[in-house]
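Here is a friendly walk through one protein model, written for someone who thinks in side chains and contacts. Keep the structure open beside the text as you read.

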Amino acid sequence: MVRRSRGIRAKSRHVMRKSVSEPSMPPVTKSLQKFADRQKVAIAINPSIHGGIPHRKFQGLTGEIVGKQGEAYLLKIKTGRKEKEIIIRPEHLKPIG
């Protein structure tokens, strides 16, 4: 019997899907976005860019920028009762307000 794959992107067909009208690659300005500390951002995973992608359970959550680590940002997110810090690249972030 074949053993099923259980990788980090398992069961993410709907979350990682792009619409037909959306372009395959985002514009370069998306990766050049700058965010300030304490700024609120939303996580919008872009499946066409695999680097710096967060886990699928963080899709759609909001958090605030804590710091920068290389090209990526440290983001503080509250999930349930815990606060977590995740490292995420700017291609997968959307500014709020």
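What follows goes from the overall layout to the aromatic pair, the salt bridges and a few residues before the helix.

## Overall layout

Please keep in mind that this is a predicted model. The protein has one helix and five strands, and along the sequence these elements follow the pattern α-β-β-β-β-β. Helix H1 covers residues 28–31. Strand E1 spans 40–43, strand E2 covers residues 62–69 and strand E3 runs over residues 72–79. Strand E4 (82–88) and strand E5 (93–95) complete the list.

The C-alpha atoms fill a box of roughly 50 × 35 × 25 Å, taken along the principal axes. The protein has 97 residues, of which 29% count as buried.

## The aromatic pair

How many aromatic pairs does a search of the whole structure find? The search finds one. Its members are Phe 35 and Tyr 73, whose ring centres are 5.4 Å apart and whose planes make an angle of 80°, which is an edge-to-face arrangement. The edge-to-face label applies because the angle between the planes is over 60 degrees.

Where do the two partners, Phe 35 and Tyr 73, lie? Phe 35 is in the loop between H1 and strand E1, while Tyr 73 is in strand E3, so the pair ties together parts that are 38 residues apart in sequence. Phe 35 has a relative accessibility of 10% and counts as buried. Tyr 73 is buried too, with a relative accessible area of 3%. Both assignments follow because buried means under 20% relative accessible area.

## Salt bridges

The structure holds four salt bridges. Three of them are set out in the table below.

| Glu 64 | Arg 38 | 2.9 Å |

Let us start with Glu 64 and Arg 38, whose side chains meet in a salt bridge. This pair links distant parts of the chain: Glu 64 sits in strand E2 and Arg 38 in the loop between H1 and E1, 26 residues apart. For context, most residues other than glycine have a negative phi.

Glu 71 lies in the loop between E2 and E3 and Arg 89 in the loop between E4 and E5, so the pair ties together parts that are 18 residues apart in sequence. Glu 71 counts as exposed, at 59% relative accessibility. Arg 89 is partly exposed, with a relative accessible area of 26%, and Glu 91 is buried, with a value of 6%. Elsewhere, salt bridges that share partners join Arg 38, Lys 40 and Glu 64 into one network.

## Before the helix

Now let us turn to the part of the chain that precedes H1. Which residues form a positive surface patch? They are Arg 3, Arg 4, Arg 6 and Lys 11. Lys 11 lies in the segment before helix H1 and is exposed, with a relative accessible area of 68%.

At 57% relative accessibility, Arg 17 counts as exposed. What is the spacing between Arg 17 and Asn 46, in sequence and in space? These two residues are 29 residues apart in sequence, and their C-alpha atoms are 8.8 Å apart in space.

Key:
Residues are numbered from 1 along each chain as its sequence is written. This is a predicted model: local features need pLDDT of at least 70, side-chain atom pairs count only at pLDDT 80 or more; totals for chains, interfaces and linings use all residues. Side-chain values use heavy atoms; hydrogens and water are left out. Patches are made of residues with over 30% relative accessible area and no salt bridge: like charges are joined within 9 Å, nonpolar side chains (Val, Leu, Ile, Met, Phe, Trp, Tyr) within 5 Å. Accessible areas come from the Shrake-Rupley method with a 1.4 Å probe; for residues, only the protein chains shown count as cover. Lys and Arg count as positive and Asp and Glu as negative; His and the chain ends are not counted. The place of a charge is taken as NZ of Lys, CZ of Arg, CG of Asp or CD of Glu. Helices (H or I, at least four residues) and strands (E, at least two) are DSSP runs, numbered from the N terminus. Buried means under 20% relative accessible area, exposed over 50%, partly exposed in between (1.4 Å probe, protein chains only). Rings of Phe, Tyr and Trp (its six-membered ring) pair if their centres lie within 6.5 Å; planes under 30 degrees apart count as stacked, over 60 as edge-to-face and the rest as tilted.
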